[in-house]
Amino acid sequence: MVIDMQRMSAAAARKIAVAAQGFGKRPSSTPNRRAVLDVVSKTRLLQLDSVSAVVRAHYAPVFARLGSYDRGLLDTIAWSDPRGSGRGLVEYWGHAAALMPIADWPLMRFRMDEYSKGRWANVQRAVERNPTLGADILDVVREVGPASAGEIERHLELDKPRPKGSWWNLSDTKLLCEQLFAAGELSTGTRVNFQRHYDLTERVIPADIRARVIDEAEAMRELVRKASRAHGIATEADLGDYYRLRRKQTTPAIRDLVDAGELVPVEVDGWGEPAYLHPEAATPRRISGTALLCPFDPLIFFRPRTQRIFDFHYRIEIYTPEAKRVHGYYVFPVLLDGQLVGRVDLRADRAAGVLNVPGAFAEPGHANAATAAAVNTALREMADWLELEKVVIGERGDLIELL
């Protein structure tokens, strides 16, 4: 049977993708808890990252969509006592480490089962060195409540000097805490100065949510559904990357959802591969507004999609030697009226009360006064949100003179 596939322009697909992520309409009043939750209902997850050159990665996408808001609202939603009405998000390995709606936790049980066999190669060696360490960690957390790996070590009287090195040069206690987290036995009770404090999953995830049993095939369909809604329009690679699924997991899920009419196959001009439209995705006539997107924003964190939709080549350069960086250490793409028109390298100097802009670069055709005015306004808004008094413009890039 031959199916007449719907054709769509690249411009229309771009508008759908941007709108699906919650851009285009900011609240008219000061954002509240409901507004923050509404953002997450669209993005479905907020990636966590330890870099704090400007602001922690999970706060920035909410600011990009709402403007200035109280970060304490997100803290409460993510890390408050689940027995109250506060906690609505939970941490797990979604798209890398991420915050996701607490109701989505059972969908990740397939991953917990996989990780229970050992997330990292050195887990087995740690267990061989300390056969009871996993059980001992659980006993400590059960007794004392949310605790960091260092606090757990002290309770276990294992407070030994750690060798210098990267974060991955872990003590056995930290390694086993992370393994128990990956396997779903521990969760994040809270964070203090961004340091994870582990708690028993049964004290973080409500019993009715923990009791939900979802077989892997249905979990894959539901995760692809959620990824599709968050994207609006997407290729198979886009849908798989959102929750870091394998192709053998996404392919049958996509087939089932197409058969059920929950995904609509479309051909997008210039994409060069099949795409799938969420049937409820909106196609706005235009998208207005300016947003600064952190490197881990869900709109752009899958770089091949960013290139395909916006014709915007973007790579994070944190780990590139300074002399070889093209745009800078921590660069925010600039979204203006639904297009990526430039990028700004940003650094927050909290002690001096300054938002530094070492570099600013326009995309071809956008090095103009209109782009500069929009960026200036966005920089001032970000500085105010971060309680920084000044914006200091640097010297690198073709947009600097206009700023």
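The lining of the largest cavity has five nonpolar, one polar and two charged residues by class. This is a predicted model.

**The cavity**

- One cavity of 30 Å³ or more is counted here.
- The largest cavity has a volume of about 30 Å³.
- Rolling a probe the size of a water molecule over the atoms shows where empty space is left.
- Nonpolar residues Phe63, Ala64, Ala291, Leu292 and Ala378 take part in the lining.
- Thr290, Arg26 and Glu381 also line this cavity.
- Three elements each supply at least two lining residues: helix 3 (60–66), strand 10 (290–292) and helix 16 (369–385).
- Strand 10 gives the largest share of the lining, three residues.

**Ile318**

- Ile318 sits in the loop between helix 15 (303–310) and strand 11 (331–336).
- Is Ile318 buried or exposed? Its relative accessible area is 10%, and buried means under 20%, so Ile318 is buried.
- Leaving out residues up to four places away in sequence, Ile318 touches Val51, Arg325, Tyr329 and Tyr330.
- Gly365 is 47 residues from Ile318 along the chain, and their C-alpha atoms are separated by 27 Å.

**Helix 7 and helix 9**

- Helix 7 spans residues 133–144, and helix 9 spans residues 172–182.
- They pack at an angle of about 80°, with their axes 10 Å apart.
- Angles of 65 to 115 degrees count as roughly perpendicular, so helix 7 and helix 9 are roughly perpendicular to each other.
- Helix 7 brings Leu133, Gly134, Ile137 and Leu138 to the contact.
- Helix 9 brings Asp172, Thr173, Leu176, Cys177 and Leu180.
- By class, this contact of helix 7 with helix 9 has six nonpolar, two polar and one charged residues.

**Helix 12 and helix 14**

- Which angle do helix 12 (residues 216–231) and helix 14 (residues 247–259) pack at? The angle is about 75°, and the axes are 9 Å apart.
- Helix 12 is therefore roughly perpendicular to helix 14.
- On the helix 12 side, the contact uses Glu216, Met220, Arg221, Val224 and Arg225.
- On the helix 14 side, Gln249, Thr250, Ala253, Ile254, Asp256 and Leu257 meet them.
- The residues of the contact of helix 12 with helix 14 divide into five nonpolar, two polar and four charged.

Conventions: Residues are numbered from 1 along each chain as its sequence is written. This is a predicted model: local features need pLDDT of at least 70, side-chain atom pairs count only at pLDDT 80 or more; totals for chains, interfaces and linings use all residues. Side-chain values use heavy atoms; hydrogens and water are left out. On a 1 Å grid over the protein atoms alone, a cavity is a set of points where a 1.4 Å probe fits but cannot get out, and a pocket is an open set with protein on both sides within 12 Å along at least five of seven lines; lining residues have an atom within 4 Å of a point. Grid points are joined across faces, edges and corners, and a volume is the space filled by probe spheres set on the points. Helices (H or I, at least four residues) and strands (E, at least two) are DSSP runs, numbered from the N terminus. Buried means under 20% relative accessible area, exposed over 50%, partly exposed in between (1.4 Å probe, protein chains only). Contact means heavy atoms within 4.5 Å. Axes are lines fitted to C-alpha atoms, for helices over the stretch in contact, and angles run from 0 to 180 degrees between N-to-C directions. Angles under 35 degrees count as roughly parallel, over 145 as roughly antiparallel, 65 to 115 as roughly perpendicular and the rest as oblique.
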